[in-house]
Structures are given as C-alpha cells and as structure tokens.
Amino acid sequence: MSTLSPRNTVVLLGLILVLAFGLRLYRAGTYGVFFDEKATLLVSQGICVEGYNQKDIFGKATFTPAEYWRPKTTTDYIEAIIRGDIGNSPAYYVMLHGWLELFGLGDWSLRMPSVLFSTFTVLLLFIFVRRHFRSDTLALASAAIAAVEPFFVSYSHMARNYSMTFFLTLLATHLFLLIMEKSSPNRSVPIGLYIAYALVFITSVLSHYLTVTVFLCHGLYALLYLRTARSWVALALAGISGLGLLSLWFVYGGGKYTFFTLNAQAEFYRNIALTNPFGSEFGTVLPATLPNIAKRAAPIFTDLFIITNGLGSALIGVRNSALALGLGGASAFIIHRYWAVAKPPVWVYGAVSALLLVGLPIYTVVPFRFFVLSAAPPLFYLVVRYVIDRTDSREKRLVVGLLLLTFIPTFFLLFMSWRSGHTFGITQRYSGFSFPYVCILMAMGLRQLTSLRWWFALPLVAVLLVQSYFIVQLLGKIYNDIEPKYTYFDRARIPNPYWSSAQKLIQQYAPGDTIVYPNRQREIYIEEVESNTFPASVFDAQIANLYLPKDARYVQRINPAERDRILLIKGKTGEKITIFDFQGTKYRY
C-alpha cells in the first residue's frame, strides 16, 4: 500500500503530467510533415494519394483550389483510406477530420491529437496501476517512466494513429481486467463494462489492425484465469458483436482490400530481400532467416525497456556482450545471496561496484554502453524481487498479463516476418502497444531499488544516471530531428515547405498568373491499389493545395518536364518566379 498522502499524490501526478505534456509539445510543429503524414493529411480530407478520385480535376490542363476542394462523399473517404493506408485506421481519420475542421490544417494542429493522446496515456497508466496494483507510488513511478519514454515522445510528434492506439489498447486492457476482477459465481459484471470493452475493441482495431495482438493477449489471459461460464459467454458475445461490426468495414468498406494489399506488399518486399537487400530505397530488407530475424529483433526488445534502450547495437558485439552480461549475472547472484544479510562479509560491500566497473577498461567499444548492459541482470532481478515480495496472488496473476502484453506483440511481428519472407516489418511502432506495460515492470524494479541496501543500491543508481544521460541525449536527437530510429531522419527537416510555398503564392498571385507544380515521379508499387492515370505525379500539387484558400480561383497546372520547382509565372510579363525548389528528394522527405 502507498504511504503517500492523497494531496502529495495529486501534486506529484500533476507535475508528471506537466512534464509529459511539455516534452511532447516541445518542437511538435517545428519540422515539415514527412511522407506518411502527408498521406494522413490527404486521407483525412477524403483525397486519394496521387489523385485517384480527382481525375476530373487533374485530368484537365489547368485546375483551381476551388475545384480541388469540391465536396467529398463517403466513397471518396473510403477510397482515400484504401489507397493511402491499405484500408487501415478509419477511426483515426474520422477523429482527425473532425479535429482539423475545428483547428485547421497547420502542422501543430495536425500533430496535436498525438500529443494529447500520448499525454492521456500517461494519466491512464497512473489510473491503471493505482486501480489494479493498489499502489500510488508504483502508479506514479510508472507514469513518470512513461512521461520520459523516448518512444512515446517521438510518436507524439507524428500525425499518425500510433499514439491513439497506445491509449486505446491500454484502456481496453483496463476494462478487460475490471471484467476479470468482477467475474465470479457470486457477482455479476455490469453490462456496461462489456459494452464499453466491445466499443474500445472495435475502435482500437479500426485505429490500427495490429492492435489485435493486444486482444490476443487478453484471450490468453482469460484462458489462464477466467473460470466463470457466465463471464465467458458475456465476453464471447462482446467479442462476436465487435467482430460483427468490424466485418462491416471489411465487407463494405476499405478493409476489403487490406489482405490483398498485404499479400502484394509481402511479395514486393520479399523480392527486394532476395534480389537487392541492401541497395533499395527502403533501406536494408533482409530475407527472413532466423539469424536475420534475431538481428532485427535485438534492438526491438532492448528498446522496449528504458534501462536497456540503445543497447541493441551493442549486443552485436558477442565478446563484449558476454562479458557485460556475465558480470551483471554475478552481481545479481551476490544481491540475491546476501539480500537479507544485515552484516555480510566485508568483500560484499564493494562486490557489485567492482564487478560493474571492472569491465570498463576491457570493453573494446562504447564502454559505457556495456557498463549499462552489465547492470541489466541485477535491475531485472529487482523486478522479480518486487513480484515475489510485494505482490499478492491476485497481483502475481496480473504480472503474468503484463508479460504477455510485453512480449507477444513483438513475437507476433517476428512470426509475420518469417511467414512473409522478409524483415521489413520488424519495427518498434508495430508492437508499441507493449510500452505501457513495460513501464509498469520497470517501475517495479525502481520501487524495489529503494529498499535495497546501500552497498548494492549505489552502483545501480550510478548506472541509471549514466543511462539517464543517454536518454537525454536521445531526446535531444529526437527534438533535433536527427535520430533515424525514431524520427526516420539523420538530417533535420526544414519547416513545412508546402505551407510556406502556399503563403508566398497567396501573397504574390494576381489574376492572369499561373502556378506550375513539378512532376515528382513517384513510383507506384502496388499498381492495382495505388496507381493513377495521369502522365505526371500530382502529389506535390495535392499537398500544396491543402494550404491554399478553398474558394481561390488560382490557375494551376503540372509541368511533366519540371522535376523540382514550384513556379509562379506572371501573366503580364511571363516572368518565372521560383516559389520553392525541392532539389530532387532533398526536401520531399
């Protein structure tokens, strides 16, 4: 039970939420939208990427913003989702469409839902832990870790569905555990809980299809611990109802193209893995052999845990890794052996410090990374001790659920990679639903650290300070847009060139002028779903027109021979004014 007063708990939670919101809001609108966010913008407005549903506009010699912004139908929105996001995320796009109607199409407003959902996830995690583990201190520690978790911070800066799905799946798990708690022969679960769970299930899957891995974990947990037939029937009805409603999207909506597109993508990336694994524009795409899958999985698993974040690349060095883990294992054994000994032998007082430090001059590369790695075994041992010493039988069952939710989404990715024959899809964002539960496990270890004897605790605290330095460095790179692991870029983007180009056009356009857009020459990979019928790419024109007045009559055209520049040709003089030069792919992200 917590020893904090209610007032102190509220104050600390408030500070954590302010920190979380500040870290997510900071520089959220600084850098221009990247390709996925451009697709988000178009889809949210019912516009197909590359103009499949705009043939009447881009099929003419010239067009205007007023024509571009013609009213959209439900069919337009479904087509846009099919061709821009393989039928995925309709719930996110509906939410975002309403948000942008209220707050406009600026980069800040576009990303603000992700900022808010990510902050709400921190709050919900506190509520979740306090309710199910009945500890304010553990709840605050979990929320504090989530507040500074680089993965959450980075994805809060992206106008994509991920932050929303992290929140929804955590909410679904909260509702599921409430149902499990109230399921007994002598108690009845309120029908409202089942309805709420079914609705969150539907919304989650319609936000991202891979959220099904979380509900798979719920099913496994129920198989282990649910023993009430009435609850099984009610959960089954909730699930069947949810699946029934979801099927409407897959039968009549954009979801009907999902499996076709996924199969086409699998074949496409598998061909790259077999013919050009290192030289394609998609980065390294390897055949899905067990060694390749393990190599790609190592950073996914290490980056799940904030205390091992960044150690995935270090694990490739087998000798250094073996030494670090061996020293860490010996440290964990000593802590275990002398855990309850008030006056251990003299050598024990410095044993953990010596074991962790002895490797520093021996590691051949990045010694402080391996220094942190050497502390991983004792830190994870503290998580185990917390579960043994501080949880009752009910909470131990919950820990089993946390472990399922921590590992199964990533193992599902690895299985799908093996099945598809390529490693392209092994990426953290597709299993990011696990992060809230990992934060709880890490909080357990930190909470147990406070009860550790000082001669064991001090060296571990020193390691955590070193890792904190690395985390601060990582956040700095995220904010500076130079951390490819999270931002996808190693060179900082400039502010949105499409928005700035639109502002120049608004200021300089006069009747009789013509705006000319370049041909981006975007290659189409899934022909049946994505292709258009235009002789030139309309993508740059599509994005720029998002920021032009909806009732404007500016005359615009696309020049198939122009590759990089947005031009304004003055009607009276014929002067060509360069509004923006993309310089190939340099500023197209």
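These legends describe close-up views of a predicted model.

**View 1. Helix H5 and the residue that follows.** Helix H5 spans residues 74–85. H5 has 12 residues and reaches 16 Å from its first C-alpha to its last. That is close to the 16 Å expected at 1.5 Å a residue. Several H5 residues are buried, among them Asp76, Glu79, Ile82 and Arg83. Ile86 follows H5.

**View 2. Ile86 in its loop.** Ile86 lies between helix H5 and helix H6 (90–103). Its phi is positive, near 40 degrees, and the residue is not a glycine. Ile86 is buried, because its relative accessible area of 18% falls under the 20% cut-off.

**View 3. Gln583 after a strand.** Gln583 sits in the segment after strand E4 (576–581). Gln583 is not a glycine, yet has a positive phi of about 50 degrees. Gln583 is partly exposed, with a relative accessible area of 42%.

**View 4. The largest cavity.** This cavity has a volume of about 130 Å³. Of the 15 residues lining the largest cavity, the closest to its centre are His157, Ile478, Asp481, Thr487 and Arg493. Helix H22 (454–479) and helix H23 (484–487) each give two or more lining residues. The lining has 7 nonpolar, 3 polar and 5 charged residues.

**View 5. The second largest cavity.** Its volume is about 100 Å³. Its lining has 13 residues, with Thr173, Leu177, Gly401, Leu402 and Leu405 nearest the centre. Helices H7, H10, H12 and H20 each supply at least two residues of this lining. H20 gives the largest share, 4 residues. The lining of the second largest cavity holds 10 nonpolar residues, 3 polar and no charged.

Key. Residues are numbered from 1 along each chain as its sequence is written. This is a predicted model: local features need pLDDT of at least 70, side-chain atom pairs count only at pLDDT 80 or more; totals for chains, interfaces and linings use all residues. Side-chain values use heavy atoms; hydrogens and water are left out. Buried means under 20% relative accessible area, exposed over 50%, partly exposed in between (1.4 Å probe, protein chains only). The expected span of a helix is 1.5 Å times one less than its number of residues. On a 1 Å grid over the protein atoms alone, a cavity is a set of points where a 1.4 Å probe fits but cannot get out, and a pocket is an open set with protein on both sides within 12 Å along at least five of seven lines; lining residues have an atom within 4 Å of a point. Grid points are joined across faces, edges and corners, and a volume is the space filled by probe spheres set on the points. Ala, Val, Leu, Ile, Met, Phe, Trp, Tyr, Cys and Pro count as nonpolar, Asp, Glu, Lys and Arg as charged, and the others, Gly among them, as polar.
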